[in-house]
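Here are my notes on the model you sent. They are set out as numbered points, to be read with the structure open.

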Amino acid sequence: MTVPIKISPSILSADFSKLGDEVISLEKAGADYIHIDVMDGHFVPNLTIGPEVIKKLRPLTNKTFDVHLMISPVDKFINDFAAAGADIITFHPEATKNTSKTIELIKAKNKKVGISLKPKSSIDLILDYLDEIDLVLIMSVEPGFGGQKFMPEVLEKTKKIKEIIDKKKLNIDIEIDGGINFENCNLVKEAGANIIVSGSTIFKENKGDLKKNIEILKKS
Ligand code: DX5
Ligand code: ZN
């Protein structure tokens with residue numbers, strides 16, 4: 001059975017001076033989701049955007065806002081991101097004292113819940129929560145910056161998570177994020193990922209031809 005692949009372009013590689021136009025262009029180019037990387041300069045060594053920006057982008061598209069929170073402590077901002085228009089809210093277990101509570105906060109806002117694992121984070125961090133979450137986001141670079149090199153060692157972890165999810169017959173998406181390019185995207189699909197995040201490949205390859213780049217990532 002072939003699993004449909006979704007492409008979630010990361011706006012981290014977009015031109016922030018015209019972010020609204022970039023999101024509209026991504027929708028026209030066939031993006032399935034819009035991946036929004038939120039960084040706090042504390043959980044990761046970089047700063048990006050907050051709920052106000054997401055709120056301004058929200059009326060421009062109906063596409064799913066796939067919000068990746070790299071902020072700690074995460075709980076106090078969940079309501080703000082939910083109100084701003086996030087559809088999927090993904091957090092890192094290291095950014096909360098109580099993973100169950102963070103999941104509950106997101107669910108209370110009727111949003112989909114994702115948990116993200118950094119390249120060195122163990123699968124054990126998610127095992128107890130599989131019945132409650134919608135998505136696992138596997139980081140294939142250290143979170144913080146776009147344009148880094150893919151870490152092939154996360155493929156094994158992806159395969160293991162896929163096995164566990166299938167065995168338990170759970171309906172959980174496996175998303176992969178970081179350093180995905182035209183060469184490695186088939187490897188991550190083979191390993192079990194069904195949502196592919198990409199920033200630099202989508203915005204920079206083929207002179208920034210978003211449509212072409214999304215198509216190649218989807219089909220290869
Ligand atoms: C890294 C972010 C990624 C990143 C992906 O912390 O979570 O979403 O923007 O960008 P590329 O595809 O350039 O690695
Ligand atoms: Zn991300």
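1. Helices, runs of at least four residues, and strands, of at least two, are DSSP runs numbered from the N terminus. On that numbering, Asn206 falls in the loop between helix H8 (200-204) and helix H9 (210-219). Please keep in mind that this is a predicted model.

2. Asn206 deserves a look for its backbone. Its phi is near 45 degrees, a positive value in a residue other than glycine. Asn206 is partly exposed, with a relative accessible area of 33%.

3. Lys169 also has a positive phi, about 55 degrees, although it is not a glycine. Lys169 belongs to the loop between helix H6 (154-167) and S7. With a relative accessible area of 75%, Lys169 is exposed.

4. A further backbone item is the peptide bond from Ser72 to Pro73, which is cis, with omega near -5 degrees. Pro73 is part of the loop between S3 and helix H3 (78-84). As background to these points, most residues other than glycine have a negative phi, and most peptide bonds are trans.

5. The ideal angles for six octahedral donors are 90 or 180 degrees.

6. His68 has a relative accessible area of 0%. Its side chain makes a polar contact of 3.1 Å with the side chain of Asp37. Beyond its neighbours within four places in sequence, His68 is in contact with residues including His35, Thr90, His92, Ser116, Met139 and Asp177.

7. Thr99 is in helix H4 (residues 99-108) and is buried, at 9% relative accessible area. Not counting residues up to four places away in sequence, Thr99 touches Phe91, Pro93, Ile115 and Tyr129.

8. On rings, a search of the whole structure finds 0 aromatic pairs. The charged end of Arg58, however, sits over the ring of Phe65, 3.7 Å from its centre.

Methods. Residues numbered from 1 in each chain as written. Chains lettered and ligands numbered in written order. Predicted model: local features only at pLDDT ≥ 70, side-chain atom pairs only at ≥ 80, totals over all residues. Heavy atoms only, no water. Phe/Tyr/Trp six-rings, centres within 6.5 Å; stacked < 30°, edge-to-face > 60°. Lys NZ or Arg CZ within 6 Å of the ring centre and 35° of its normal. Buried < 20%, exposed > 50% of the residue type's maximum accessible area, 1.4 Å probe, protein only. Contact = heavy atoms within 4.5 Å. Polar contact = N/O pair within 3.5 Å; in protein donor to acceptor, adjacent residues only side chain to side chain.
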